[in-house]
Amino acid sequence: MKRRDFIKTGLAAGVAAGIGFNLLPFEKVFSATAPLDAYDLVAIKGGKADAMFDRGIKVLGGMGRFVKKGQTVVVKPNIGWSVEPDRAATTNPLLIKRIIEHCYQAGAKTVYVFDNTCDNWIKCYQESGIEKAAKEANAKVAPANSESYFQEVTIPGAKVLKSAKVHELILESDVFINVPVLKNHGSADMTVSMKNLMGVVWDRRFWHRNDLHQCIADYCLYSKKPHLNIVDAYRVMLKNGPRGVSTNDVQLFQTQIISSDIVAADVAAVALFGKKAEDVKHISLASQMKIGEKDLSKLKIARINM
Amino acid sequence: MLMTLSVLKKIRVIVSLVFLLATTIVFLDFRNIIPDSWIKTLLYFQFIPSLLNFFSSSLAIAASGFIVILVLSFLFGRIYCSFFCPLGTMMDIISRISEKFKKRKIFRFSKARNLYRYGFLGLTIIFLFMGTTILVNLLDPFSNYGRIAANIGKPLLLYLNNGLSFLLEKMNIYTIYREEFILPDWTILLFPLSFLMLIIYFATFHGRLYCNTVCPVGTILGLLSRFSLFKIKMFKTSCTSCGDCSSTCKASCIDIRNCTVDMSRCVACYNCLSSCPEGGISYELSGFHKTIKQNPSGDKSKRKALQILFTFLIAAIPLKSMTQGRHRRGRPHTDGTIPIHKKHPVTPPGSKGLFHFTTLCTSCHLCVTSCPTKVLQPSLFEYGFEGILQPHLDSNAGFCNYDCVICGQVCPSAAIHTLTLTEKHKTQIGKVQLVLDNCVVFTRHKDCGSCAEHCPTQAVHMIPWKKNLKIPEINNEICVGCGACEYACPTKPYKAIYVEGNPIHLIAKKAESKQTEQIFSPKEDFPF
C-alpha cells in the first residue's frame, strides 16, 4: 500500500516535472524517482534539529525525490499554541526553516506554511518563532483563521468523519509535508503525525464530539496524504500536553523521525515514550484500517547517530 | 483683529480632525498596531472616562485629563466639545456633508432647553449615586462614538479587508489576511445604530442640539463656560443685526436681538468670529463682574428641572427591579442537555470584580475592538438592565488568552486596570464548573478532552476512567477563569464545562509543576 502510493506519487511528480522539462529524456526523469530499495523510515538522534534533517533527507535520497521543479509545497507544522519554542508545544522553527530551504533547493516554486491554531493565530505564529523562521527561508506564511479558506471534501471509507472542510492550500499544493512535534496529549494520548492533521481542517469540534480517535484515523484516508512526515522530537513535552504548563514538562530527546508512512512514523515516535501502537487508540485504529504499517520490523529503517 | 481670530477656527478644525482621526483609528485598529501608550495619551482628554478613572484610582495624575478640560473650559469655553469630542466633530462633518444635499443650513437663535439639559445631567448624577452608570454609558459622547466605531465602523472595515485580502490571495499575496468576525447581536447593534441615526438627524437639521440638550458633558462644561475668562462678545455699537454670525452658529446660542451669546451653550467652534462683516463680534478676556445674567427666568426653569428629575427618578425605581432576569439562548440537540445557569458574568482580568467594573465602565467598547481573541463582547442583560452594553467575557466568541493584557492597557476609564503578565497569571476572574452529564466522555463513552487540551494551567486535566477512557477533572484553585475549556467544549446546545464568574476577582494558586523524568536520551539506542 505504502510503497505503491510512494511510486504513484513519484510517477505523478515525475510526469509533472517531465511536462515542465521535456528537454530531459523520460528515463532520466523516471530514474530520479524512488529507487525501490530506499529506506521506509529514517530515525536520527544526537544533533540539532536542522542538522538532523540534513542527514535524514540525504539518506532518503534528498528532497528532490519528493519535490520537483516548479511544484508548490505546503509545510504543515504544529503552531497550535501561543508559547515559545522551548515549551515544545510547537514544532521547532529551525527545522521548519531547513525543510523550506531544502524544498527551494529542489526547485519548488512556492512553499506555504500554515496551521489552524487553537490559541489566537497571530500570537501563535509569532511566539512559536515559526512565522519568522519560515519567512526567512522565503516561504509564504498563510492564514487559516477563517472558514472561508476551507473547502468541503468527502473521505471515502471513513467510519465517522465522512466529510471535512480542508484548507485550500492542502488541496491546491503539489506536495504536502507534515511536520508534527511529538508530545504528550491529554485527550489523544499522544500527538504525532496523524493528530497533527487536525490542523488542516476547520471544524475540530466535530472530531471531539464524535469519537476523537476514530476521526483522527478516518482523516488519514483522505486522498491528499502527506508525502512526508517529519516528526520533530528535539524538545519533547512529556506531560500536561498538548499546551503544557511550563518548561518543566519538557525534556531534550534530540531525535527526529522521517517517513512517508504516517502510521510507521507515529509508531516509531511513541516508542520513544516507551509506548506501543496498541497503547495509542488512533494509531492502532489506523493500522487496523490499513492506513500504514505498525510493525516496524517489516520496514527498512535507517538509524543515524550524530 | 479679525484676521487673527479667524485663525482660531482653522486651528479648531485641524485639531478636531486630528483627534477624530486618531480616535477612530484606535477603535478600528483590529491588528493592534497602535502602541498602548499612544492610546492612553490620545484618550487622556476624554472627559467621562478620565473623570471615572481619576476618582477610582485615588486621584491619579495620569487620569487628570478631565481637570485639564475643566480648566480649559473655565479659560476659553467648551473647548472639549469642538476640539476633542469625537462625536462633536462627527456631527460637524455630518452637517457639512448634509449641506451638499440640501440648502445650506441657516441657524437661528433658540432658547436654552434647560429642562432637558439639566434634567439629563441631574438624572445621570442621581443614577451614578445609585451606583449605576447606565445613563453615563448611554449619553457620554465619547463612549457613544466608540460604540459606533466599534460596532458599525469596524465590521464595515473588516468586510473591506476580507474582500481585499481575497483578491490579493488570488495573486498569491498574503500580507493582508481575512478576519473571522461575528457581528454583535442585533439587539446590541440597535443601540449604536439608532444613536447614529439620531445624531445624523440632529446634525443635519439642528446643528449641535444633542450637545446642548442631552449630553451631560456639554451641560457640565456649559455651567463652567458661563463664567469663562474668554468669551464671545458682540458689540451693540457695530452690530447691524444682519444675522450672519447667528446663521453660522450651530449651537444656536447667538441672540442678535439682544446682542448676547449664551456661553453655556457655545461649543467654541469659532465659526462666528470670521462671519461678521462689521467687526461686531469678538473673542476676548472678560472679568467675572461683567457676566451678564442671561436667563432671568432661570430660577423658575431650574425648579422645573428639579420636578422632571423627580418624575424620572420615581420611574427609575421599577427599572432597577427589572434587572434580575438573565437571558440564554439555545436549541435542543442530542448532547449537552443540561442547561447552564451562570450566576455571575465574567468580567475582564484587571477589572477587580463586578462592582468595580460595572461602576466604572462607560461601554466605549475600546476593549471589545482591541481584544485579539474576541472574547470580550458587549453584554445585553448579563450585568442586568443597568449594565447594558458593558463588555463581558463571552465564551461562545472566544477565550481569554493566558498571555494577553491588552484590555487593561487600552481602557480609558480604569474599569480595567493594567496588569503585568505575572499579575494576570495569578488573577482568577472565574472558576471552572464541570457538568459531567453533558460531557461526551460520560454520555457517549468516547474520548474527547478538548477542555483539558486548551487549559493553560491544567486546572482541567484528564484522568483515567472506565474502559480505557479519560474524563476531565477540575481543580478550581489553579483555575484562572479564562474560559478556554468552555470555548473548546464541543457539546451542544449546552456545554459540559463552563466558567462561573467571580463577583470579586480572586488569586489563583500557582500550578505545581515538577520537572519531568528523563524517559529517553539521545545517548540510548533507538527503542525500535
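**Exercise 1. The two chains**

What percentage of the 528 residues in chain B do buried residues make up?

*Solution.* The model is predicted. A residue counts as buried if 20 or more other C-beta atoms lie within 10 Å of its own.

- Step 1. In chain B, 48% of the 528 residues are buried. The chain contains 21 helices and ten strands.
- Step 2. In chain A, buried residues make up 61% of the 306 residues. Its secondary structure consists of twelve helices and twelve strands.
- Step 3. Of the contacts in chain B with a separation of 6 or more, 76% join residues 24 or more positions apart. The corresponding share in chain A is 75%.

**Exercise 2. Helix 9 of chain B**

Describe the course of helix 9 of chain B, and state where the kink in this helix lies.

*Solution.* 

- Step 1. Helix 9 covers residues 141–170 of chain B, 30 residues in total. From its first C-alpha to its last it reaches 42 Å, close to the 44 Å expected at 1.5 Å a residue.
- Step 2. The helix has a kink of about 35° at Gly153(B), shortly before the proline Pro155(B).
- Step 3. Just after the helix, Asn172(B) adopts a positive phi of about 65°.

**Exercise 3. The domains of chain B**

Identify the domains of chain B and determine which helix gives the largest share of the side of domain 1 that touches domain 2.

*Solution.* 

- Step 1. Chain B is divided into domain 1 (2–290) and domain 2 (325–507). Taken over C-alpha atoms, the centres of these domains are separated by 36 Å.
- Step 2. In the contact between them, 35 residues of domain 1 of chain B meet 26 residues of domain 2 of chain B.
- Step 3. On the domain 1 side, helices that each supply at least two residues include helix 1 (2–28), helix 3 (47–56) and helix 10 (186–206) of chain B. Helix 9 of chain B provides the largest share, seven residues.
- Step 4. By class, this side of domain 1 divides into 17 nonpolar, 13 polar and five charged residues.

**Exercise 4. Where the chains meet**

*Solution.* 

**Exercise 5. The interior**

Which residues have the most contacts inside the largest nonpolar core? Then examine helix 12 of chain A.

*Solution.* 

- Step 1. The largest nonpolar core has 228 residues, and those with the most contacts inside it are Val75(A), Ile96(A), Ile99(A), Ala269(A) and Tyr80(B).
- Step 2. Helix 11 of chain A contributes the largest share of this core, eight residues. Domain 1 and domain 2 of chain B each supply at least three residues to the core.
- Step 3. Beyond its neighbours within four places in sequence, Ile96(A) is in contact with residues including Val75(A), Val113(A) and Ile130(A).
- Step 4. Helix 12 (residues 281–288) of chain A is mostly covered, with six of its eight residues buried. Among these buried residues are Ile283(A), Leu285(A) and Ala286(A). The buried residues of this helix pack against strand 9 (189–191), helix 8 (193–196), helix 10 and helix 11 of chain A.
- Step 5. After helix 12 of chain A comes Lys290(A), with a positive phi near 60°.

Conventions. Residues numbered from 1 in each chain as written. Chains lettered and ligands numbered in written order. Predicted model: local features only at pLDDT ≥ 70, side-chain atom pairs only at ≥ 80, totals over all residues. Helix = DSSP H or I, 4+ residues; strand = E, 2+ residues; numbered from the N terminus. Buried ≥ 20, exposed ≤ 12 C-beta atoms within 10 Å, placed from the backbone. Contact = placed C-beta atoms within 7 Å. Expected span 1.5 Å × (residues − 1). Bend = angle between axes of the 7 residues up to and from the residue. Core = buried A, V, L, I, M, F, W, Y, C linked by C-beta atoms within 7 Å. Domains from an automatic or database assignment. Nonpolar A, V, L, I, M, F, W, Y, C, P; charged D, E, K, R; others polar.
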